Amino acid sequence: MDIIYNADLSTMNTFRMKVKAACLVHYYSIEELEEISRMEDLPRPFFHIGGGSNLLFTGDFKGTVLHSRIRFIQQFPSMDGMEVRVGAGVPWDEFCDWCAKRDLWGPENLSLIPGETGAAAVQNIGAYGREIGDIVSNVECYDMVGHRKVAFTHDECAYAYRESFFKNEGKGRYVVTAVTMILRSEYSPVIDYGNLKDRLVAKYGQFVVNENALTPEKVRRGIIETRNDKLPAVEQTGSAGSFFRNPYVPVEKYEEIVAMGYEKVPHFDNPDGSIKIPAAWLIDQCGWKGHVEGNAGVWGKQPLVLVNATGNAEPQEIKELEDRIVASVQEKFGITLVPEVEHV
Ligand code: EPU
């Protein structure tokens, strides 16, 4: 393992906050993680990160940041395709690429999402009509309290929109070490979200959908283009992707917004009877799109994304912008936006 005291975390969070941790440990195996869990001299608390792509460090971290470098992809042929067991430290998009190259369906819609596989399974990453929870069959963890290996079935992971057991009851105790997913070789694209199908047709021709000629690689390319059009490239502009969750509101709230004169408010019906209204739309209506305040800003092509506009933003500047956006959406629509990004 690599133990670094007084560690610079600026390259370990995609917001590029210039913060430090009292200690940072990269570990390479479950055995090393076990050793770490018993090392009394490491500063507490422990905080585990993946690619640091869904975090806002609000200042220096007083404890030890743990980071997995457990990297492997193992495959087991199954009835419908392939079962793959992936080490928590494998960069998520590397795994998506691995699947597409082997013509295996499953994670293609989640292409280019920054971060690592373990964190992806904790956050239940989702995009374009797919969530990782849809394909996860088993999650292996190390129990930092009970000092033992433990595995969770798909149902035990309690996946929901941007939620899982690991973000709730299991938080701080179970560290994901490997994720097993079910991939399919049978034709199974998921392309009904937004204008994804139109984009694929424009790119490859109508025949790709009429004649079932899509491949995981083609969908992956379409998704990468869509994301590149809308979202800041993390190498160029610091951000943590969507900063807020899309709110679920009661039907009455939706009707109230329509009655305010917004007949065309975008909305999606949820199975539980509530209505999802895109946070991007709410923020857009409050005039925030492209707004920059000091070093912090709101991305011009997707107002759900807050950015480190100059590269020099202090955590406090992002936090102040967040608070002002929440207050303005609250005032105009009576909806309280909740951050999706974890504040540390
Ligand atoms: N919209 C506007 N103005 C804009 C942009 C969007 O009004 O400038 C409205 C439009 O009505 C649009 C709607 O917002 O239809 C939704 O926008 P979009 O489909 O781009 O996605 P989203 O709901 O804003 C979610 C995820 C993204 C994911 C996309 C695509 C959350 C919090 N975010 O965003 O995830 O890529 O769908 O599936 O659920 C992330 O989590 O970091 C992330 C980028």
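Trainee: Which residues of helix H7 are buried?

Mentor: Helix H7 runs over residues 251-259, and its buried residues are Lys253, Tyr254 and Ile257. They cover an arc of only 100° around the axis, which puts them on the same side of H7. Keep in mind that this is a predicted model.

Trainee: What is on the face turned away from the buried side of H7?

Mentor: That face carries the exposed residues Glu252 and Ala259.

Trainee: Which glycine follows H7?

Mentor: Glycine 261. Its phi is positive, near 110°.

Trainee: Let's switch to H4. Which of its residues are buried?

Mentor: H4 covers residues 196-204, and Leu196, Leu200 and Val201 are buried. Seen down the axis, these residues fall within an arc of 135°, so they line one face of H4. The face turned away from them carries the exposed residues Asp198 and Ala202.

Trainee: What packs against the buried residues of H4?

Mentor: Helix H5 (207-210) and helix H6 (216-230). Also look just after H4, where glycine 205 takes a positive phi of about 105°.

Trainee: Is glycine 222 buried or exposed, and why?

Mentor: Glycine 222 counts as buried because its relative accessibility is 0%, and buried means under 20%.

Trainee: What does glycine 222 touch?

Mentor: Leaving out residues up to four places away in sequence, glycine 222 touches Arg199, Leu200, Lys203 and Tyr204. Take arginine 199: it is 23 residues from glycine 222 along the chain, yet their C-alpha atoms are separated by 7.0 Å. Leu200 is also one of the buried residues of H4.

Trainee: New topic, the ligand. How many residues surround it, and which are closest?

Mentor: The ligand is surrounded by 22 residues. The closest are Tyr128, Tyr161, Arg162, Asp284 and Lys289.

Trainee: How does that shell divide by residue type?

Mentor: It has 11 nonpolar, 5 polar and 6 charged residues.

Trainee: Which elements each supply at least two residues of the shell?

Mentor: Strand S8 (126-127), H6, strand S13 (238-242) and helix H8 (279-285). The largest share, 3 residues, comes from H8.

Trainee: How much of the ligand does the protein bury?

Mentor: Taken alone, the ligand exposes 830 Å², and the protein buries 82% of that.

Trainee: Last one, glutamate 140. Where is it?

Mentor: Glutamate 140 is in strand S10, residues 136-143. At 18% relative accessibility, glutamate 140 counts as buried.

Trainee: Which side chain joins glutamate 140 in a polar contact?

Mentor: Arginine 85 does, at 2.7 Å. Not counting residues up to four places away in sequence, glutamate 140 touches several others, including Val150, Val175 and Thr180.

How values were computed
Residues numbered from 1 in each chain as written. Predicted model: local features only at pLDDT ≥ 70, side-chain atom pairs only at ≥ 80, totals over all residues. Heavy atoms only, no water. Buried < 20%, exposed > 50% of the residue type's maximum accessible area, 1.4 Å probe, protein only. Helix = DSSP H or I, 4+ residues; strand = E, 2+ residues; numbered from the N terminus. Arc of directions from axis to C-beta. Contact = heavy atoms within 4.5 Å. Near = heavy atom within 4 Å. Areas by Shrake-Rupley, 256 points an atom, 1.4 Å probe, with all protein chains shown as cover. Nonpolar A, V, L, I, M, F, W, Y, C, P; charged D, E, K, R; others polar. Polar contact = N/O pair within 3.5 Å; in protein donor to acceptor, adjacent residues only side chain to side chain.
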